[in-house]
Amino acid sequence: MRILHIAYRLPPEPGGMELHIERQIRAQVLGGHEVVVAHRRGAPLRDTESLPLTRTAASRAVSQKSDQVAFAMECAAALHRTGRPEVIHLHGDHREALALGPAARRLGIPLGLQIHGALATHHRWIMPWAFRHVGGFLVAGTRPRGDLLAVGVPDPLIRMTSAGLDLPRLTRFRTEDHVERGLIVSVGSLIKAKNHALTIEAFHRVRKARPYARLVIAGDGPERDRLRRLAAAGPGIEFTGHIPPDRVYSLVSRAQILVHSSRRLRGMGEGIPNAALEALALGAAVLVSSDASLDPAAPPDAYQMFRSGSVDDLVTQLHTLLDDDEARQRMIERGVRAAEALDWPLVAARVERWYDAVISRRVPTLPA
């Protein structure tokens, strides 16, 4: 199958979505597919073709307000040079679909849209129009599925899947012999949506009762200086900055708990966080906010959840997990088993079945 992936950002740009896209494409290449990739930021991917894009006066003007929309316009103009892919796999949301949908339909190329997080809440009025040429939606979790249903996308057009996991690689890092007592880890870009500030506030309270506890935050971003000031209110917190995946895996495999405190904001929200799924495979207890549920990628007994935005609930859950070694170990074992169903070849096969459904709806129509 010849597949065109359209993604604004790729590694080495930081972020879980960027890694997800790279690994998904790598699994497809290994599976024998021809892959063409259009991207704006990041590096070309090995063993794929790149779709050359041309800046136009219109895209330059639009980029002053949104370079992502400008990128989508340039991709739409370049579709006729793609060598007729069997399917377009668009990574984005309504903004990219608005530009690419009509062009894909004119050329008769089926278009599937993968939404990696929650939909923005302030553009809902235009979404039915933007999605009218999309033949299928792939979403990470129940929250983006609910967002699509709320704007009128029919349920049969929506499929849910999470990112895959490189299980052979992750398993090499998993160890029970070097788990550090009291080590709590948070992994993610230092942006407001990840809500590291809540994790820091909770940790200060946990540390008062457990002076041996440590919090290590792996990631970088615009919130760095503010978070460092919050962390300076007490001891035990370390920032690693942006570090390579293997260093992240080594760190998480030594942790007793991985915390993911993300919250939904008006302009963005989490799907299923990759860092939490990887932590399941690495053998850490996973504690996530209710805005970052792992459903349906993992059963509810494989991880713990606290009320999004509630520092009191997060502190309570942290104490509970640190106090009860047996319960924590049972949860870890269930998490490891859940991760076994997320190996990339298995997830890639689910994506291929989604392509079949998208291709079968070559001229999709959504209610306006």
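Here is a walk through the model, from confidence to the sheet, its helices and a few side chains.

Let's start with confidence, since what you are looking at is a predicted model. The protein chain has a mean pLDDT of 92, and 96% of its residues reach 70 or more. One stretch to treat with care is residues 363–368, where pLDDT stays under 50. The model does have 18 contacts for this stretch beyond four places in sequence. Where pLDDT is low, though, predicted coordinates should not be read in detail.

Now turn to the sheet. Six strands make up an open sheet with parallel pairing, and their order is E10-E9-E8-E11-E12-E13. The edges are taken by strand E10 (237–241) and strand E13 (304–306); each has a single partner strand, so one side of each is left without a neighbour in the sheet. On average, neighbouring strands here are turned by 25 degrees against each other, with direction ignored. For a look inside the sheet, follow strand E11 (residues 257–260) and strand E12 (residues 285–289), which pair in the parallel sense over four bridges. If you want a place to begin, find Ile257, whose bridge partner in E12 is Ala285.

Helix H10 (residues 245–253) touches strand E8 (183–187), strand E9 (214–218) and E11, and its direction makes about 145 degrees with that of E8. Helix H12 (residues 311–323) also packs on the sheet, where it touches E8, E11, E12 and E13. The direction of H12 makes about 155 degrees with that of E13.

Which residues of H10 are buried? They are Val248, Tyr249, Leu251, Val252 and Ser253. The cover over these buried residues includes the strands E8, E9 and E11, along with H1, helix H7 (167–173) and helix H11 (274–282). Thr316 has 46% relative accessibility, so it counts as partly exposed. Its C-alpha atom is separated by 8.9 Å from that of Phe306, ten residues apart along the chain.

Next come the aromatic rings, with a count of four aromatic pairs. Tyr8 and Phe71 form one of them, edge-to-face, at 5.7 Å centre to centre and with 75 degrees between the planes. This pair links distant parts of the chain, 63 residues apart: Tyr8 is in the loop between strand E1 (2–6) and helix H1 (16–30), while Phe71 is in helix H3 (residues 67–78). Tyr8 and Phe71 are both buried. Phe131 and Phe137 have ring centres 5.1 Å apart and planes at 80 degrees, so this pair is edge-to-face. With 1% relative accessibility, Phe131 counts as buried, and Phe137, at 0%, counts as buried too.

Charged side chains also meet rings. Arg132 lies over the face of Trp129, at 3.6 Å from the ring centre. Likewise, Arg181 lies over the face of Tyr212, at 3.7 Å from the ring centre.

Our last stop is Ser63, in helix H2 (residues 57–63). Is Ser63 buried or exposed? Its relative accessibility is 19%, and buried means under 20%, so Ser63 counts as buried. Leaving aside residues up to four places away in sequence, Ser63 touches Arg55 and Ala70.

Notes:
Residues are numbered from 1 along each chain as its sequence is written. Side-chain values use heavy atoms; hydrogens and water are left out. pLDDT is the predictor's confidence in each residue, from 0 to 100. Contact means heavy atoms within 4.5 Å. Rings of Phe, Tyr and Trp (its six-membered ring) pair if their centres lie within 6.5 Å; planes under 30 degrees apart count as stacked, over 60 as edge-to-face and the rest as tilted. Helices (H or I, at least four residues) and strands (E, at least two) are DSSP runs, numbered from the N terminus. Buried means under 20% relative accessible area, exposed over 50%, partly exposed in between (1.4 Å probe, protein chains only). A charge sits over a ring if NZ of Lys or CZ of Arg is within 6 Å of the ring centre and within 35 degrees of the ring normal. Two strands pair if DSSP finds at least two bridges between them. Axes are lines fitted to C-alpha atoms, for helices over the stretch in contact, and angles run from 0 to 180 degrees between N-to-C directions.
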